[in-house]
Amino acid sequence: MNMFVCQEQEDKRWPKQHHHSLSRRPTLFLLRLLLLLLLSALVMLALSSFLTGSATYINTLKSDLHLSETKTKFLPEAKSVSSQSPFLADAPPPLTKSKTKPVNKVDTIVESGPYHNWQLFIQDFEEMMRSFKIYVYPEAFMNQSHSQFAPIFLPHPNPFNPRLGNYFSEHMFKLSLLRSSLITSQPQQAHLFFLPFSINLLRNDPRVHSEQSISEFVSQYTTKISHDFTFWNASAGADHFYVYCHSVGREASSKVQDLHNNAIQVTCSSSYFQRYYATHKDVALPQVWPRPHGEPLTPPDARHKLVYFSGRIQNSRIRQELIALWGNDSYMDVFSWSPFPYEEGFKRSKYCLHVKGYEVNTARVSDSIHYGCIPVIISNYYELPFANVLNWSKFSVIINQGEIAYIKKRLLSITRQMYLDMYHNLCQVREHFLWHQTPRGFDSFHMTAYQLWLRRSIHRLSH
């Protein structure tokens with residue numbers, strides 16, 4: 001029926017004189033020719049429609065595939081983070097955009113703030129808290145009267161003593177570890193083994209004060225545990241670690257080849273320019289002074305000085321150059337000896353300089369973070385703590401030692417919005433540079449333990 005309708009419609013389109021001519025001389029030949037033309041037209045129309053629809057479908061499919069590939073590229077496959085985790089209570093803002101709107105994965109990555117990838121970190125962190133185990137050698141639990149060297153191994157009785165100063169992190173790590181959920185009394189379950197001697201206390205003990213005596217003490221202790229236990233020999237020390245903040249610590253391992261080649265150093269002196277330190281094996285420990293927690297920060301608009309620095313210059317050519325160039329600049333408070341309290345300089349300045357002294361590390365980095373002053377790090381070869389988790393460029397300024405003459409120009413080129421973003425990110429990372437006697441959340445202990453977790457042996461050894 002449709003064919004006849006189409007034929008009738010088509011007939012109406014012919015010029016009248018042609019129509020009359022056909023009606024006057026109807027022939028079978030012309031009728032067949034007309035029918036053939038109509039059928040051809042219908043076939044062409046159907047074919048054109050089919051090709052147009054196919055092209056649309058293919059373009060749509062290509063678009064969907066491209067979108068899928070894009071999502072796959074930027075959203076790494078991972079398990080969802082449990083909302084019931086006790087650590088999410090301490091989590092920085094990137095995890096919670098809104099109480100009613102679910103967090104978009106792309107938003108989480110883009111808005112990761114001072115972290116390289118917060119979502120991936122928290123997943124791995126929670127796995128660490130569930131399964132990571134550390135065995136502590138028994139000297140850390142001995143009775144005070146058991147050995148004349150017991151204090152070298154026992155936790156410090158007063159780690160918050162201000163006189164500990166630069167060695168606070170060394171003592172707090174041991175105390176926090178012994179009060180953490182990570183230790184195990186079953187060495188067969190352990191991923192790592194802790195050597196509990198204190199380099200700081202060895203240095204202050206007149207019986208073993210010299211570097212030579214300290215290295216001899218450590219050598220004898222390593223020999224003892226290798227005889228008393230099977231764990232050291234099973235791995236040649238590769239699953240063992242020790243902690244120190246004193247610069248003589250690197251020499252402590254000099255007489256034990258397996259100790260400096262295989263064991264993990266957790267050290268404040270994390271310079272990959274120094275011998276015995278290997279970045280793929282060893283761990284940078286934040287050097288923190290015992291500061292009171294919970295002090296309110298000076299807001300950005302109340303910080304009227306551009307730069308603050310105060311420190312001894314006798315053992316540092318870089319610091320001497322700094323004082324010579326910027327000691328009289330009205331924008332900066334740069335002193336070899338501050339005329340006002342040390343902490344006041346951090347509180348009233350936008351940027352605070354960490355300049356290499358005898359070592360690459362000082363407590364000025366953690367002090368800057370503690371007081372809300374953007375750290376400016378001028379210390380070549382310094383492996384910054386937690387650098388695989390924290391994106392230091394988001395809350396600090398890193399300047400080569402050879403560019404001290406351009407400090408002022410560099411800092412003045414930072415826009416107000418960039419400064420405010422760095423200040424906001426700095427506020428988020430402060431908790432990672434705090435120590436607690438009983439570790440909690442994402443504090444310095446757990447962040448350092450996470451670095452050890454990443455360095456645990458892939459293949460468990462049979463002890």
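Tyr-135 counts as buried, at 10% relative accessibility (buried means under 20% relative accessible area, exposed over 50%, partly exposed in between; 1.4 Å probe, protein chains only). The structure is a predicted model, in which local features need pLDDT of at least 70 and side-chain atom pairs count only at pLDDT 80 or more, while totals for chains, interfaces and linings use all residues. Residues are numbered from 1 along each chain as its sequence is written, and side-chain values use heavy atoms, with hydrogens and water left out.

A search of the whole structure gave 38 aromatic pairs (rings of Phe, Tyr and Trp, the last by its six-membered ring, with centres within 6.5 Å; planes under 30 degrees apart count as stacked, over 60 as edge-to-face and the rest as tilted). The rings of Tyr-135 and Phe-231 form an edge-to-face pair, because their centres are 5.8 Å apart and their planes lie at 65°. Phe-231 is buried as well, with a relative accessible area of 6%. A cluster linked by ring pairs comprises Phe-149, Phe-153, Phe-197, Phe-217, Tyr-221, Tyr-242 and Tyr-244.

In soluble globular proteins, nonpolar side chains tend to be buried together. Tyr-272, by contrast, is partly exposed, with a relative accessible area of 47%.
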